[in-house]
Protein chains: 4
Amino acid sequence: MNSFGIKFRFTTFGESHGKAIGCVVDGVPAGLKIDEEFIQSELDRRRPGKSKFATARKESDKVEILSGVFEGKATGTPIAMVIFNKDQKSRDYSNIKDIFRPGHADFTYYYKYGIRDYRGGGRSSARETAARVATGAVAKLFLKEFGIEVEAGVVEVAGIKAKKLDFKYARESEIFALDPSVEEQQKEAILGAKEAHDSVGGAVLVRARGVPVGLGEPIYYKLDAVLAEALMSINAAKAVEIGNGCEASRLLGSQNNDEITAEGFVSNNAGGILGGISNGEEVIAKVYFKPTPSIFQKQRSIDIDGNEVEVELKGRHDPFVAARGSVVAEAMMALVLADMLLLNATSKLENLQKIYNA
Amino acid sequence: MNSFGIKFRFTTFGESHGKAIGCVVDGVPAGLKIDEEFIQSELDRRRPGKSKFATARKESDKVEILSGVFEGKATGTPIAMVIFNKDQKSRDYSNIKDIFRPGHADFTYYYKYGIRDYRGGGRSSARETAARVATGAVAKLFLKEFGIEVEAGVVEVAGIKAKKLDFKYARESEIFALDPSVEEQQKEAILGAKEAHDSVGGAVLVRARGVPVGLGEPIYYKLDAVLAEALMSINAAKAVEIGNGCEASRLLGSQNNDEITAEGFVSNNAGGILGGISNGEEVIAKVYFKPTPSIFQKQRSIDIDGNEVEVELKGRHDPFVAARGSVVAEAMMALVLADMLLLNATSKLENLQKIYNA
Amino acid sequence: MNSFGIKFRFTTFGESHGKAIGCVVDGVPAGLKIDEEFIQSELDRRRPGKSKFATARKESDKVEILSGVFEGKATGTPIAMVIFNKDQKSRDYSNIKDIFRPGHADFTYYYKYGIRDYRGGGRSSARETAARVATGAVAKLFLKEFGIEVEAGVVEVAGIKAKKLDFKYARESEIFALDPSVEEQQKEAILGAKEAHDSVGGAVLVRARGVPVGLGEPIYYKLDAVLAEALMSINAAKAVEIGNGCEASRLLGSQNNDEITAEGFVSNNAGGILGGISNGEEVIAKVYFKPTPSIFQKQRSIDIDGNEVEVELKGRHDPFVAARGSVVAEAMMALVLADMLLLNATSKLENLQKIYNA
Amino acid sequence: MNSFGIKFRFTTFGESHGKAIGCVVDGVPAGLKIDEEFIQSELDRRRPGKSKFATARKESDKVEILSGVFEGKATGTPIAMVIFNKDQKSRDYSNIKDIFRPGHADFTYYYKYGIRDYRGGGRSSARETAARVATGAVAKLFLKEFGIEVEAGVVEVAGIKAKKLDFKYARESEIFALDPSVEEQQKEAILGAKEAHDSVGGAVLVRARGVPVGLGEPIYYKLDAVLAEALMSINAAKAVEIGNGCEASRLLGSQNNDEITAEGFVSNNAGGILGGISNGEEVIAKVYFKPTPSIFQKQRSIDIDGNEVEVELKGRHDPFVAARGSVVAEAMMALVLADMLLLNATSKLENLQKIYNA
C-alpha cells in the first residue's frame, strides 16, 4: 500500500523524523539515460526552507542512487534512491506527544495502528513527497524520450484565481504562481495568514503536452481515474478536476462537447481524456489543497486517553502547502503517464509484432 | 484493467450491445448472506426506461448468479453474475458506424485498439455500470453486517444546487433529487434541454455512515484517493471532491480544521477522512458529471479516415446521466469501503491475535 | 485469488455442480483473431467421458463467448466465456455430505470457510480446469502469432516412464502417452488400479518451442518460478521440475552447464531458462500428479463434527488424472508465456521507441 | 517484478557489486516487536566466507533499518532495510566483461535488457538473497507470535541423501546437513568437486510447524503453488516438491491418501496441504539446486558479438550453493506463510466480526 503504478511501479518508505526516506522504482525500461543532476534539481524545487512563504525547516534533500543504474543508464533492475534525514529536531514535537493535532492524521494513524509516532507526523508527513518527486524525475526523463512534458503551477491561493497560465513564469515564482498579475495578491494572502498564525489553501493546475492518443486502460485503470487517485493521494488534497471539471456539470452538452475537425479537436473541455483514454490534446487536471492544518493558534482537541486539551503548536510549518504541492502534482502526473505509456504498449497485436517479429 | 479492489475485488465484462454483461466478485467473506432480491432491486434502481428524464432504452436487467453462493450464503469462492442483453437494437447505430461522436470514447478506443465497435459505445457505454451496481449490492450487504450504510443523491442539476440533503426523499425522486424544494426546477432544466435536443450535467453527493475509524491504507491506497479513482471511473465524471472539497482551498486553516472534543469532531469539513484514513465521521464525496455527450443536434466531427463530417445522432439517450450516476456512485463507494474494511483487518497485530490465538 | 497473470490476466469462477463455470480474460491484445472452433476443440481434448481410462461423467463442455470479440477479433476488452453445467447429478454426493474424503480439499475448505459445499468438491473440483483450458486456448492463438507452440503429454504412469517423446502421437493417444512403446504397459497400470477400485499417479511433460530470448521478469516473476506456480496450481500436482530438474542436483557443474557456441546452446539441461529468463531453447517443465484421491475402497476419516467414520465413495472418477492434467498443463504454460511476452515488451527503451516513435 | 507477496509484500533492490542491496517490507502488522539482533543473526547464517565449503568472498552483511520501526515495534509503515556492499572487487570480473558465462544469466539479461552489467552477475547474483533473508527474518518474528516455526536443512548433496532429519543439528553443521551420519560423505563430495575446479548440486528440505488450518487461497494463490513459485525463484533452483512430491506419482491412491482419525491425519504424504490450503500438519517442501555454474575449468561460450570463446573463470565461488540456499528457502517459506496468514484473516465473516464488532 506504499506502492503505486502497475508497470512503472514505485514504492516509497520513510518517516518525517526517521533515519531516511526513499523509494524503489521498478519497471524503468533498460537503456534510459538517468541524469542524476536532473533528479537532484527536481528535489531542490520541492525543498522547503527557501523563502518566507514556506516552512523554515531546512532539508538538504541530497538524493543517492543505490541501484539500478550502470554507466549512466537504467539496467532494467529496480532503481533505489535514498535521502538521509539531516534536520530531524525531534524535540520540537515533545509537547504534542500524546495529543491529536486537529486536521492531522495523528488521530487516524493512532486508532488504525495502535501506535503514536509523534515525531512530526511520522509517515503521514509531507516529507514523504520528496520520494515521489525523486521518482517523478525518473518518470520525466522517460517521458521526455517520447516528447511528453509535464508542468504545473499554482492557479489559486485563498480564492484568488489566476486569469492566465504562464508555466515558464511559475518555475521562477517563489510560490510557483502561474499568473504574475495576481501573484502579489496571492503572496499577501499567504503572508497575512502567516502573520495571523493561520494558513491558507489553494489550487494547482498540472498539464501534460505531447501525450499520444491511447493512454489509459478502461474500465478501472482509466487515465482520469488514476490521475484522480494519484493527485488525491498528495497530502492535503481535497478535490481533483479533469479538464473543465465541476464547470462541465453546469454546461449543456452542446457547449461542453469538443467538436472534431480534420485539424483536431476544436476545444479541450475534456482535458485531453475521453472514455478514460488520452485523445492527443493536453492532459489537464487541477488539485485543490486545504489550508495547512498546522496553525499556531489555540485549538480544541483530545489526547490519546480521550481527555480534552487545548493545543497550541510550535515549530516550523508551511503557511501554504499548495506551492510545494505543485511540484509533487507534476511528479504524480508524470508517474501516471509513464505507467500508462508502458501499459498501452501491448494494447494492439500490431504493437507486439513491431517488437517481436522484426 | 477491468478489475477493481484488492481484497474485495471485482472484474466486469461485456459490451453495450454484446450478448451479456457481468461481473465476477472475489474476496467476499464466506458466510455472508446473499440476498438476490436486494441485488435485483439495486439494479432496478439504476435501470433506464422508467421515466421521461431518462433514456427510453428498455433493459430488463435481470441478474443471474452463476457461482459462489450455496444455500443462500457466500462460500468464499468467486461470485459470478450475468445480465443477458435483451434490447440490443444494433441497427440504431449503423448511421454512425464510421464516425466519431463528439464527447464520446469512439475516437480514443479506435486509436488505442485499432477496432471500431460501433454498437452503442461497446465497452465504453454506461451499460457496464449495471455490473458495478450488482457488485456494489453485494458490498452493501457486506457493509450492513458492520452497520455501514451508503446513500447518494443528486445534489446539483445544471447549476441548480440542493440546499438540504434528504436521502430518504432521493430514493423516491424520479431524478434522485436530494432536495425536494429545488427538484421541480432541476426537472425543468432536464426537460428543457431534452426538448432542445440537448443535455445537462449535474453532481451527486454520496455518503457513508457508520464507518469505523481506520479504513484506508496510506500512502498509495488512501481512502480518499481510492474513492476519487472509483468515482472518477464512472462514465462522464469530471471532478471529485472529498468533504468540503474545492471550498476547503478557500478557507483559512483555523476555519477548515475540524476541532475535536470528547464527544467527537466538532465539524466535518474533512469528509470523514484524515491522512487518507477514516476518522469515524460520515464519509462524504461529490462527483460532477458532464452533460450527456449524446445530443440530437448537428455537430462537427470526423470519420475513421479523417474526413470531416456532420453528425446528427438518433436513438435513445439520457438527457441527464447524473441521476443514474447516483446509483453507481453509491455502488462504487460501497465497493471501496468493503475493500478497505478487509484490508484494515490486518493492520494491527492484536487484530490477528483475535482471529488466530482464540 | 481466482485470477492469474499480470498483463494477460484471467479470472475463473464456478463450482463443480453449480450453474456454470467460466472465465474472464483481460489483456488480450486487440486485433487477435479468435477462433471459437479452436477453443472448443481444446475443451474437447480435456473433456472426460471419452474412454475407459477416464471418469464416465459426461460434460458437453460447450463454451459460449459472452464479450470481448467483435467480427471475429479481440477488441481489447475482456473476453468472458461460460460453460453451463449440464450433468450435475448432485444426488451422487449425498452420502458424503458431512464427511471429509481423504486426499480431498473437503477438510481444508470447511475449516477455512466454515461452509461445506458437498456437491462434488465444489470449487476445488478439477472441473474448474475447463475454464483454464478455454483461456489457455486464447493464449495459444496469441502465441501462434509469434511462432510459439506449446505441447504436452504423459511421460510417466505409476512409475512407468516414457523413453522417448512423441508429441504428435500423444495427441492421438487415449491417455496422451508420449511414448507408444510403453503406452500399453501404462494403460494396464491404469486399468489394473481401476479394477482394484484404486487409482494411479503420473507425470506430464510440457514444452514450448519458438520462445524468444527474454521472457521472464526477475527477481520475483521469473519464468521458471511462475511456471512452477502455474503448474503446481493444477489439481493433484505435487512436484514441478524445470529442464532436467531434480537430476541437475546430482550432476557436477561441468556436466550440467549448457555450453554455448555460435550455433546456440550445446545442450538444454536448463530447460530453456537462465536466471529466470528464456534463453531461446525449448522451455521444458514436468509436473507430477498424485493418484486420484477418489478411490472406491473403505478409508478412515472423520465427519464435520469430528466423529470417526468409514468412507466408501461411489460415483464416477478418473482412475488417472494426469491424462487430463496434460491438457491443463499445456494451457497453463501457454498462459504464462503469453503474460511474459506482454510483460517483456516494455523491458527496453528501444522496444517502446518502435511503438511510439514510428 | 522485484516484489513478492500480496499483504505481507516485500520489494528487493540492489546488484552484486553496486553500492547496496536492500528491501522494503510492506504490510507488517503494527505492534510487532522487531528484534534487530535476530535479523542480523539470520543474515549471519547466510553470510559466505565462513568455511571452506563456501565462497571466500567476505561480506560483512551488516543490516541497517531505515524506517518503519519506532521504539522497537513495527508502526505499520514500510520497513526499509539496507546492506551496503563492502567487498566489491569489481576487477575480478574484467576478464569476462563481454563473455557469457555458461549456466549464468549473463546471456539472458543481455538480450532482455540490451545491457551487460558484468560486475559479478549484477542483479542476477545470489547476493540478492541477503535481502530475502532480512525480510524473511521479519516474517519469522511475525510467525512466532502465532507459534509457527520454519526450519530447513540440506537433505541431499551430489545424490548423497539424508536418511533422517535433524533440524537442530543442521543449524550447527557447516553445510547445514540434516543427517550427521552422511554429512562427512556429503562434505567430501563438495571438497572433491572444489579440488577438481568443479561444483556439486543438492537439495534442501524446508518445513513449517504450528501452521493453522486454512492458509492458502484457491485457486491461483494456493499455498503449494505459491511455495513452488517462492522456492523456484531462488537462484539455481530447478525443482520443487510438496510433501512426498514426485514419489506420490508412483503410489496408488490407497497408499498415498492420508487417512483421518479423531486424532488427526494418520500420515502426511500431502506435506500439510490439501486443495492448496494448509491442513494443520507440517508443511513440507523440497527444493533441488543445480551445481554452481561458476566452475574453474575451460568451457565453450560466446561473447556479446556472437564470437566463440573459451571461458575460464577466476574469482571466488561457492562449490555448493544449496547450503546457503537452505537459509534462503527458510526465509521464502516464512514469507509465504506470513502472507497467507494475513490473507486468510478475512476468509470468513466471523473473523471480521471478531475484529469489528467487538
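## A walk from the annotated site to the rotation axis

Start by selecting A:R123, A:S124, A:S125, A:N235, A:A236, A:G275, A:K290, A:P291, A:T292, A:P293, A:S294 and A:R316, which an unreviewed UniProt entry annotates as "binding site". These residues span 194 residues of sequence and are spread in space too, with C-alpha atoms up to 43.8 Å apart. Keep in mind as you look around that this is a predicted model.

**First stop: A:N235.** Zoom in on A:N235, in the chain A loop that runs between α6 (223-232) and β11 (237-242). Is A:N235 buried or exposed? A:N235 counts as buried because it has 24 C-beta neighbours inside 10 Å, and the cut-off for buried is 20 or more.

**Second stop: A:P291.** Move on to the loop of chain A between β16 (283-289) and β17 (299-302), where you will find A:P291. A:P291 is buried, with 30 other C-beta atoms within 10 Å. Which residues is A:P291 in contact with, leaving aside its neighbours within four places in sequence? In chain A they are A:S199, A:V200 and A:G201; in chain B, select B:L251, B:L252, B:G253 and B:N256.

**Last stop: chains C and D.** Show these two chains together. Turning chain D by 180 degrees, with 0.0 Å of shift along the axis, superposes it on chain C (RMSD 0.0 Å). The two copies are therefore related as by a two-fold rotation axis. To find that axis, select D:E229, whose C-alpha, at 2.4 Å, comes closest to it among the residues of chain D. Finally, colour the interface: 100% of the interface residues of chain D are also interface residues in chain C, so the copies meet through the same surface.

Technical notes: Residues numbered from 1 in each chain as written. Chains lettered and ligands numbered in written order. Predicted model: local features only at pLDDT ≥ 70, side-chain atom pairs only at ≥ 80, totals over all residues. Least-squares fit on C-alpha atoms with pLDDT ≥ 70 in both. Contact = placed C-beta atoms within 7 Å. UniProt positions renumbered as here; feature names shortened; annotations may be inferred. Helix = DSSP H or I, 4+ residues; strand = E, 2+ residues; numbered from the N terminus. Buried ≥ 20, exposed ≤ 12 C-beta atoms within 10 Å, placed from the backbone.
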